[in-house]
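Subject: Structure handover

Hello,

Here is the structure I promised to pass on. Please open it next to this email and follow along.

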Amino acid sequence: MKLRCLLLIWLLLTIIYGCTSVKSWERGTLAKPQMAQEPTPLQSVIRAHIYSSREAAGTAGAAQGGGCGCY
Amino acid sequence: MLRKEAAVAVINGKTRLNSQSRGCSEQISPSSPLLSALTGAALMLPGLLYPAAQAAESDSLDFQYSHYQEGKRQITGLSSDEETGEYKIGGIKNAYNPIEVESQHGHANVSLSDRVKFAFNYTQDTWGGATPVATAPAVFGNNREVYSDAGTIAGASPLLTGQNGGKVLFDSNRKPVAYALPGEPDSGLLSSQQLTHVLASASPETRKQGDFKLTHEWNEAALSLGGGISVEDDYESRFGNIGGRWDLNQKLTTLNLDLSYTNSDTHAVLDHDSLPYLDYSHYRANGQLTKTKDSAQSSILSGGRQDWASHFGITQIINKNALMSADIGYTRSTGYLSNPYKAVSVVFIDPLNQNGNLPPGIIQGKLKPLLEQRPEVRNQWNLGGRYVQFINSLDAALHFDYRFSADDWGIHSHTFEADWVQPLGNGWTLTPRVRYYSQSAADFYTPWLVSEQAYRQQPANTGRNPALPYNPNKLPDHFSSDHRLSGFGALSGALTVSKTFGKAVTLETGFEYYTHQGSFKLGGGGENAFADFDYWLANAAVKVNLDTFVGSSHDQHAQHGEHGHHHHGSHAPAGVMFDHLLPKAGDMMVGYRYMYGSQGGTILNGDVAVNDSAIVNRGCGPNPCFLKPASMNMTMHMLDLMYAPTDWLTLMLMPQFMDMSMNMKRLSGAPNDDVANNNIGNSAGSNIGEHIEHHVQNGHETGGIGDLGMYALFKFFDDGTHHFHATAGLSAPTADINIQLRRNHQVEGGFIHYGMQLGNGTWDFKPSLTYTGQLEEFSWGAQVNATVRLEDKNKSGYALGDIFQAMAWSGYNLTDWLSASVRGVYTTQGSINGRFNGLINQFGPMDYPGSYGGKFWDIGFGLSAAIPSGDLAGNRVSVEWLQPVKDDVNGYQLERDGTLSATWSLAF
């Protein structure tokens, strides 16, 4: 199931990849702060840390390593 | 790590700042072929008009404070009916303070060259409060009501083996029961399936983490290398990571690959007062238990773990208004993955030992909590997706995230999150957010266990490979009743408000409420309501974008250059506050001050070093002393926010963040610990002396938000060479001065001593007069300042002594950017007025109000660097070491080692 999920996403991305064309001068909107992938990056660090000390799921995002502080 | 999930928090360190819309913007007409060509060319340059997906982080300095506060947990137990005396199951008053956490987070990101960026994070958490240690049926009586002297219910006392010393009963259907009347088998049975947590409280402790990342950027790729260390009393973690980014397809597609390795060690002190009630034989047989150095009665549980994590992500721009990303991660953890402070209630039913005075059909068992045993390997996968859509009509963006995670412990989880980022104009942005999380239980999660076998007396805590007191084959291979491994759902809602001032400075604040409930689990079947809890999280942040100062600070610096080293050329040494006004109306300054003070070595009485027997006999007033401080460290982080409404007035706001740690030693020649039970000032009949061992064993740590300073600086005279100004200030009692040590041995810990509380607790008036001067390469200055308490006592019953300080300094510009200074300081402070209005266990001089304050002489040596040009122009960094010359202390106090001050400031 995991593999199928992954394949599906990959397929989806390939399709998007194939048909996209956003010219450089059309990217003003994408550069707006509200379009940043992490709109509140400082807060996200704290929230992720607390979720990881209160929930068993793997944390999202890049592999960073880190300490515990798991109150 | 506190009572503590031993899972390493892989912090989501995505710290990309919002990219500013730079370079080309929407106003440029796309119809011009020349412009198109230029834009295309510009895109080849790094840092120009990256869409948010590849946003290169701006040079920035950020500071964040957050407060996490859990709600009180519901606990149940046996209580007696007032009329009949019969037992009933009911809520027990939970008087414990729930977990709260104070966190500070500093982040710096600077460009070392056009292509190389350096990012640094410093994080510090201090927490304390009560958490569950085990779970048991309420009829076992693991929570017992505690009555105050006045006879009212004061709270609950945790009894890990229940209220009958481990003896528990079941009916013929193996349902837990208790006799209706205490100790009377003929009184009938009370039967209940209700489960409850057993709570234990913890004194405050602190974790500190520093980490860095070095990134090299190319036109369409980046490579980063990072690492860090996290240290707390019982857990240390070191980590490294490497990551790459690759932009494809004209930067419409971005690939990320990250790999990290973490190596962590647990060194958990198992309390001597809980050891008799816990079974830890599994870890002793594994060779993981050692004796502590300082205390023969306690053991240390050690364990190492390693985590390898990998992550692959792809971000794709779908059209000019939308982007999406998908990622997959795998983490492998090996080693000691359990939590050393969590136990599982196991009832051992010995079929051969069912005689005695038992009613028909009743079975008896022995309740013995075993330290939890999780598997030593965990493989975890997670898969996530994010979609970001721009909403043109509202200039807003909708973010939607979904994440699936699965591991070989049997935990599957789903996370859904939606954010709406709404700019409101004038630099304001509002971001509401909802999140739903659901997880299934780990295969080995169990609230409690029954095992059909005898539990033999634990063998003595000596020898190699001692036998286990039970047959492990009759127990599951792994077990934990940590409710974080149970099935549950969680719902949270949050709101963030931010305001940007002229692109340079952003203030942000947020609030989140979170509720964890078994019944919220997706598809049902979650844990019962006894494990439910909730929390709120509030945070406030200041973000300074250094990129926006390029140019403006040049101009300002040039302007100052016109009249020599005016103001910015000759700041006072780092340890001096209120040394200058801002030059003109409308100016602003942000700054950061760091102060580290250390005490250690000899105990002084007045200006004379004294030996242990003098302290024992005279250091604690009418009582003997048992302990002395061995070392004490204090760290302060302060923010300087300055604004000049007029040329002659500068306003200043100074929030502070404190943390302190202290170690204590036994005094040779001190009386036995039980003599402390009769100390004058203690409540009679308690065994307070039991706490002495804990003081020696663990040391003390506190930390959190300090008092808030508000100041107004008035310019009196300024002719370019001589400057004279006055400051009037108020210090608001925002710090916690009610910090208590945890209860153990059925005795309250009481207040932690005066010097470890985080602030003054009183409103204080803080006036000062400052004179500064400079001529060519020389500068000099003098200041007198005072702190006058405006109240007789704070809410904890005391007031710190008033302070008067006088100082003079001189500086010389070694080069046009570096100067050196020397400073002399005299300080006098009165002793504490009043005393704590509640229990304080008085074991050493630091617990007595008379051993505070004194007269102090110091000499300071400082360096100060101002960056005159380049990208970082306008930044100033200063350090100063203050060396004690003479101490003349009130009462008995630890000698001072010195104080380090460091400041950074940026005017604009």
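How many salt bridges does a search of the whole structure find over all chains? The search finds 35. A salt bridge here is a side-chain nitrogen of Lys or Arg within 4 Å of a carboxyl oxygen of Asp or Glu.

Some ground rules before the details. This is a predicted model, in which local features need pLDDT of at least 70 and side-chain atom pairs count only at pLDDT 80 or more, while totals for chains, interfaces and linings use all residues. Residues are numbered from 1 along each chain as its sequence is written, chains are lettered from A and ligands numbered from 1 in the order in which they are written, and side-chain values use heavy atoms, with hydrogens and water left out.

**Salt bridges**

Start with the pair A:Arg47 and B:Glu512. Their side chains meet in a salt bridge, 3.4 Å from N to O. This pair crosses between chains. A:Arg47 sits in helix α2 (residues 41–54) of chain A, and B:Glu512 sits in strand β26 (residues 505–517) of chain B. Helices (H or I, at least four residues) and strands (E, at least two) are DSSP runs, numbered from the N terminus. Both A:Arg47 and B:Glu512 are buried. Buried means under 20% relative accessible area, exposed means over 50%, and partly exposed lies in between (1.4 Å probe, protein chains only).

The two residues also belong to a network of salt bridges. It links A:Arg47, A:Glu55, B:Glu417, B:Asp419, B:Arg433, B:Arg435 and B:Glu512.

Next, look at B:Asp482 and B:Arg374. The closest N and O atoms of this salt bridge are 3.0 Å apart. The pair links distant parts of the chain, 108 residues apart. B:Asp482 is in the loop between β24 (448–451) and β25 (488–501) of chain B. B:Arg374 is in the loop between β19 (363–371) and β20 (377–391) of chain B. Both B:Asp482 and B:Arg374 are buried.

A further salt bridge joins the side chains of B:Arg896 and B:Asp887, at 3.0 Å from N to O. B:Arg896 is partly exposed, with a relative accessible area of 22%. B:Asp887 counts as buried, at 8% relative accessibility.

**Disulfide**

A disulfide is a pair of cysteine sulfur atoms within 2.5 Å. By this rule there is one over all chains. It joins B:Cys620 to B:Cys625, with 1.9 Å from S to S. Why is it right-handed? The torsion about the S-S bond is about 100°, so the disulfide is right-handed. B:Cys620 is buried, with a relative accessible area of 0%. B:Cys625 is buried too, also at 0%.

**Chain A**

Chain A has two helices and zero strands. Of its 71 residues, 68% are buried. The chain exposes about 2,700 Å², and carbon and sulfur atoms supply 70% of that. Accessible areas come from the Shrake-Rupley method with a 1.4 Å probe; for residues, only the protein chains shown count as cover.

**Strands of chain B**

Two strands pair if DSSP finds at least two bridges between them. Strand β1 (residues 60–70) of chain B pairs with strand β4 (residues 100–111) of chain B in the antiparallel sense, over 10 bridges. The bridge partner of B:Asp62 in β4(B) is B:His107.

β4(B) also pairs with strand β5 (residues 116–137) of chain B. That pairing is antiparallel as well, over 12 bridges. B:Gln104 stands opposite B:Gln124 in β5(B). A hairpin of four residues joins β4(B) to β5(B).

**Helix α5 of chain B**

Is α5(B) (residues 690–698) enclosed or open? Seven of its nine residues are buried, so α5(B) is largely enclosed by the rest of the structure. Among the buried residues are B:His691, B:Ile692 and B:Val696. The buried residues pack against β14 (253–270), β30 (627–646), β32 (656–666) and β33 (700–705) of chain B. Contact means heavy atoms within 4.5 Å. B:Gly699 follows α5(B), and its phi is positive, near 65°.

Best wishes
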